[in-house]
Amino acid sequence: MNHCSILRGFLFGLVFLSLSWVPSAFGRLYPPCPNITYQLTNPTTVQYSVVDPVSGQTKTETWVLSQGDERFIESVQADQGLLTWIARYKNTADAFYTYDVHYRIYDPGRGMWKAGNWGVFAGYNSEVSQLKVKDGVVAWKAHRRISPASTSDMKYYVCYAAYDPAYGSWVFGYNNWQISYNSPHSPENLRVQDGVVAWPMNPVDEKVWVFWTLYDFEVHRWVGDEWDVYWDSYEFDWVYIENATVHFHYGNWYWSTDHYSGYDQANHKWKFDSTATEPWAYFTAQPNPTCVPSWVCLWDLSLAMNNRTGTTWNFGDGGTSTGNSPVHQYTTSGNYYPLLSITTTQMMYWHTGFLEVRNCPPSGNIQINGGDAYTNSRYAVLSLQASAGTTQMRFRNPMDNPFMNGDEWLAWESFSSSRIWYLISFFELRCGGTFSVTVQYRDAANNLSPEYEDTIILDYCPPSGSVSLNGGNPTTCNPRVTATWSASDDYGDGVSKMRWVAFNKEDAFILWTQWQDYQPTTMTIPFSSTLGHKTALVEFMDFAGNISQVQGTIELETKCKTLPFLMLLLGD
């Protein structure tokens with residue numbers, strides 16, 4: 001396993017980091033696709049990907065730290081399919097940095113990355129440190145002081161999170177994690193092993209406190225405990241965490257004592273000075289229930305497997321595996337009891353689960369021309385969607401044949417995500433009609449989906465309209481002419497757009513205006529001042545895309561220019 005060094009300062013260029021995961025005998029959580037690859041393209045961007053064991057596709061996400069004027073991604077780490085990092089940023093005007101902690105896992109049963117985030121955490125002398133990711137747990141220490149002047153308001157935090165595949169979410173723990181004492185009393189030497197998070201506190205009221213917790217996947221909660229070392233103790237030492245058992249040593253000049261607390265998985269609680277925790281085989285099947293044929297992710301959540309020597313799965317349908325968290329396809333409906341067997345140096349442990357595999361019908365959808373409401377072409381494109389495992393599809397009689405009862409289906413054909421469809425009917429209005437296409441899907445087990453339908457209006461008749469210039473007067477003396485137009489669509493879908501152009505017969509065309517929303521209007525059209533025949537063309541478009549064109553004409557004359565001169569002579 002390659003570990004990423006902590007990124008401090010600006011990083012220019014491209015830094016690639018990859019994690020190559022090999023199944024280990026240790027651990028608390030084995031995701032079904034743990035081979036995470038990640039890279040930093042700069043100090044503010046982390047990209048991560050994993051190969052989905054169900055689809056075989058690479059699933060990639062990119063996270064960008066966009067806040068603040070100074071910003072860094074730090075302490076990028078990965079372990080057994082979990083990825084985590086610290087985001088540190090501040091604005092120039094701020095006196096302190098702000099911290100976020102991010103953690104990710106890919107859930108193949110849901111086909112998506114599942115994100116967890118902690119923050120925003122800000123304050124004077126704030127810091128996030130001791131970030132650890134191990135055995136299915138992400139844990140870290142944080143501290144901050146609220147005001148810049150006082151040193152007595154320092155607060156410490158120990159935070160931890162685990163991903164629960166049964167819930168499909170991260171579960172954040174806060175059992176004994178906010179320490180309300182002052183700055184000398186901080187959690188130190190944070191440790192994560194076998195899914196256990198443990199830490200001692202510096203002397204508080206002349207005593208040392210020890211805290212520990214573990215996420216119990218069977219009851220879906222963090223279970224914690226604590227121990228306060230005696231008043232006259234002066235020595236404290238971690239020994240180790242093994243098999244979900246916390247070992248520690250304390251004493252003074254006259255005596256010393258070793259203690260350990262193991263997790264009792266049967267009663268879901270910690271037992272002090274108990275026999276070290278026995279290995280515990282446990283897994284969850286997800287999704288459950290599921291539909292045939294379907295892939296199922298079996299997450300190995302076994303507790304305290306430091307001494308594991310072998311793993312065997314029996315899926316209940318004749319299939320087997322020796323992987324930690326396999327992905328298996330069930331092809332026949334029924335109730336299955338997958339069995340996980342774990343061998344250790346002492347004996348074998350096992351857990352049996354229950355999985356319901358149903359004959360679920362396929363689901364799907366249909367869209368004509370991408371969901372358009374109208375078309376002016378009889379050739380339409382069907383976009384077809386169906387759930388995994390769908391093999392065939394069929395369509396209702398498309399012609400609405402009066403000699404059939406209307407329930408006939410065309411023959412089954414191989415499923416395809418796209419199909420050309422010809423819109424035709426025995427009975428059709430003059431300009432087209434409303435057409436519906438109905439589809440049904442079938443899977444390899446002959447399960448039938450509900451019927452799915454989409455409708456489109458075929459309209460191949462253009463709208464009608466008119467335009468008049470200067471109220472219909474045949475001549476004008478002013479090249480600026482008032483045009484009035486209106487339009488309607490007989491089929492009823494309405495007029496959507498319009499454009500116009502004005503030109504002289506002698507001068508050829510002027511460019512068309514841009515298409516604009518239609519509205520009946522009166523506006524001034526400027527012709528050129530050249531005398532002669534003037535024409536205004538107006539085009540209307542309906543919602544189906546049909547276009548019609550109307551025109552109005554007027555003559556720009558010279559006789560109007562002499563009229564004032566003649567009247568002046570008559571006045572003399």
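Cys 431 and Cys 461 form a disulfide, with 2.0 Å between their sulfur atoms; a disulfide here is a pair of cysteine sulfur atoms within 2.5 Å. The model is predicted, so local features need pLDDT of at least 70 and side-chain atom pairs count only at pLDDT 80 or more, while totals for chains, interfaces and linings use all residues. Residues are numbered from 1 along each chain as its sequence is written, and side-chain values use heavy atoms, with hydrogens and water left out.

**Disulfides**

- The count of disulfides comes to two.
- The torsion about the S-S bond of Cys 431 and Cys 461 is about -95 degrees, so this disulfide is left-handed.
- The Cys 431 and Cys 461 pair links distant parts of the chain, 30 residues apart. Cys 431 is in the loop between strand 37 (418–422) and strand 38 (432–443), and Cys 461 is in the loop between strand 39 (452–459) and strand 40 (464–469). Strands (E, at least two residues) are DSSP runs, numbered from the N terminus.
- Cys 431 and Cys 461 are both buried, where buried means under 20% relative accessible area, exposed over 50%, and partly exposed in between (1.4 Å probe, protein chains only).
- Cys 291 is joined to Cys 360 by a disulfide with an S to S distance of 2.1 Å. Its torsion about the S-S bond is about -75 degrees, so the disulfide of Cys 291 and Cys 360 is left-handed.
- Cys 291 lies in strand 23 (residues 290–291) and Cys 360 in the loop between strand 31 (355–358) and strand 32 (364–368), 69 residues apart, so this pair links distant parts of the chain.
- Cys 291 is partly exposed at 30% relative accessibility, whereas Cys 360 is buried at 16%.

- Cys 33 is buried, with a relative accessible area of 5%, and Cys 297 is buried, with 1%.

- Thr 284 belongs to strand 22 (residues 283–286) and counts as buried at 15% relative accessibility.
- Leaving out residues up to four places away in sequence, Thr 284 touches Pro 165, Ala 166, Cys 297, Leu 298, Trp 299 and Leu 301; contact means heavy atoms within 4.5 Å.
- His 351 is placed in strand 30 (residues 348–352) and is buried, with a relative accessible area of 18%.
- Apart from neighbours within four places in sequence, His 351 is in contact with Ala 281, Tyr 282, Phe 283, Pro 338, Leu 339 and Leu 340.

- Four strands form an open sheet in the order 5-6-7-8, with antiparallel pairing. Two strands pair if DSSP finds at least two bridges between them.
- Strand 5 (70–79) and strand 8 (112–122) are the edge strands, each pairing on one side only.
- Strand 5 pairs with strand 6 (residues 82–90) in the antiparallel sense over eight bridges. Asp 79 has Leu 82, in strand 6, as its bridge partner.

**Confidence**

- The chain has a mean pLDDT of 83, and 84% of its residues reach 70 or more; pLDDT is the predictor's confidence in each residue, from 0 to 100.
- Residues 1–26 have pLDDT below 50, and this stretch has 58 contacts in the model beyond near neighbours in sequence.
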